[in-house]
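Could you walk me through this structure while I have it open in my viewer? I would like to know what to select at each stop and what I will find there.

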Amino acid sequence: MILTISGITKSYGTNLALDRFTAALEPGIYALLGPNGSGKSTLMNILTDNLKADSGSITYTSDEGVTEDVLKMGVRFREKLGFMPQYPGLYPNFSVERFMWYMAALKGMTKADSMKQIPEILSEVELDDVMRRKIGALSGGMKQRLALAQAVLGDPEILILDEPTAGLDPKQRISIRNYISRIAFNKIVLIATHVVPDIEFIARDVIFLKKGVIVDNAPPHVLTEKIAGSVWIVPCAEDEVQGMQNRFRVTNIARDETTGTVLLRVLNEKKPSEGAGAAAPSLEDYYLHVFGDEASRN
Ligand SMILES: Nc1ncnc2c1ncn2[C@@H]1O[C@H](COP(=O)(O)OP(=O)(O)O)[C@@H](O)[C@H]1O
Ligand SMILES: [Mg+2]
């Protein structure tokens, strides 16, 4: 299976949100990484036919080698898709369980499949305790997990997840991340996020999107390799922190309260100070390298 996205362009009035987006996706987890406004949701809404592109095409190639335009495939393509939108419209008066049965019916699932999958998925996303509760009475994190649950329902070949961990606490983030990586086998999974740790260790490829343009599309280790030798741990005193921040791109500040020393994480091609030690670059470092001050505004 290959999902081929070719030259997808979309403007809202004079605002170019997506500029000739091109990628070929095969089974595996892909991260779509970029700050707010970079065009992630626009792409996802186009992939799921909730929004029309101005130009470009999307084709689906089956394992048998048959290639078709997804818009021409219509419902045959939509049946392969699971979509978790960024702002999912959930029905507040439905119970969790009823909503899942309703979504299963919309997806054309059999009663037997629904009876098997609904309790399994609700248990995986830790909503089995609140199956009878009205959606309107769920917490933000629970609603988020329900939105993921309905996307996964029907075991779709292609999962499109728009900011799946938004509003979750760290423990829930980890649990959702592990769940996504477990179910990703043999599927194309595209995850939009601006939270690097959510995808750092599960994505085969990371697509960096900056103002609607792909600036990178590569495995995480290839990206971090690009800034090898440019990440430093710099010990300094509290009163030197501001000066260092003015001179260098400081990506983290760790304070040791007992000794009163500060350890800065600095992105710089040259060694920033005598006492600086080289550190292994992380994907977060690379993100800050690409987006700089733009990233910190999120
Ligand atoms: N419905 C819309 N009408 C007008 N502009 C929009 C609309 N949706 C998104 N945009 C603009 O398109 C750009 C990309 O937005 P979006 O795809 O939501 O980015 P992201 O999901 O990465 O935050 C932004 O500049 C945003 O303001
Ligand atoms: Mg978005």
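Here is a short tour, stop by stop, through a predicted model.

**The whole chain.** Start with everything in cartoon view. The chain has 11 helices and 14 strands, and its C-alpha trace spans about 70 × 45 × 35 Å along the principal axes. Of its 298 residues, 33% are buried. If you show contacts between residues at least 6 apart in sequence, 68% of them join residues at least 24 apart.

**The six-stranded sheet.** Next, select β6, β7, β8, β3, β9 and β10, which in that order form an open sheet with mixed pairing. At the edges you will find β6 (81-84) and β10 (213-218), each pairing on one side only. From one strand to the next, the twist averages 15°.

- β3 (residues 28-33) runs parallel to β8 and is joined to it by six bridges; look for A31 opposite I191.
- β7 (residues 158-162) also runs parallel to β8, with five bridges between them; here L161 stands opposite I191.

**Out to β10.** Select β9 (residues 205-210) together with β10. These two strands run antiparallel and share five bridges, and K210 faces V213 across the pair.

**The nonpolar core.** Which residues touch the most other members of the largest nonpolar core? They are L32, A149 and L161, in a core of 64 residues. Helix α6 (residues 140-152) gives this core its largest share, seven residues. Leaving out residues up to four places away in sequence, A149 touches M100, I121, L122, V125 and L127. Another core lies apart from the largest one; it has five residues, including W232, V234, L264 and V266.

**Helix α4.** Move to residues 96-106 and colour V96, F99, M100, M103 and A104, which are buried. Look down the axis of α4: the buried residues fall within an arc of 140°, so they line one face of the helix. After α4 comes G108, with a positive phi near 75°.

**Around ligand 1.** Select ligand 1 and the residues around it: Y12, N15, A17, G34, N36, G37, S38, G39, K40, S41 and T42. The elements giving two or more residues to this shell are β2 (15-25) and α1 (40-47). Which element gives the most to the shell? That is α1, with three residues.

Finish with β12 (residues 249-256) and β13 (residues 261-267), an antiparallel pair joined by seven bridges. Within the pair, N252 stands opposite R265. Four residues lie between the strands of this hairpin, and G260 takes a positive phi near 75°.

Conventions. Residues are numbered from 1 along each chain as its sequence is written. Chains are lettered from A and ligands numbered from 1 in the order in which they are written. This is a predicted model: local features need pLDDT of at least 70, side-chain atom pairs count only at pLDDT 80 or more; totals for chains, interfaces and linings use all residues. A nonpolar core is a set of buried Ala, Val, Leu, Ile, Met, Phe, Trp, Tyr and Cys residues joined through C-beta atoms within 7 Å. A residue is buried if 20 or more other C-beta atoms lie within 10 Å of its own, exposed if 12 or fewer, and partly exposed in between; C-beta atoms are placed from the backbone. Two residues are in contact if their C-beta atoms, placed from the backbone, lie within 7 Å. Two strands pair if DSSP finds at least two bridges between them. Axes are lines fitted to C-alpha atoms, for helices over the stretch in contact, and angles run from 0 to 180 degrees between N-to-C directions. The arc is that of the directions from the helix axis to the C-beta atoms. A residue is near a molecule or strand if its C-beta atom, placed from the backbone, lies within 6 Å of it.
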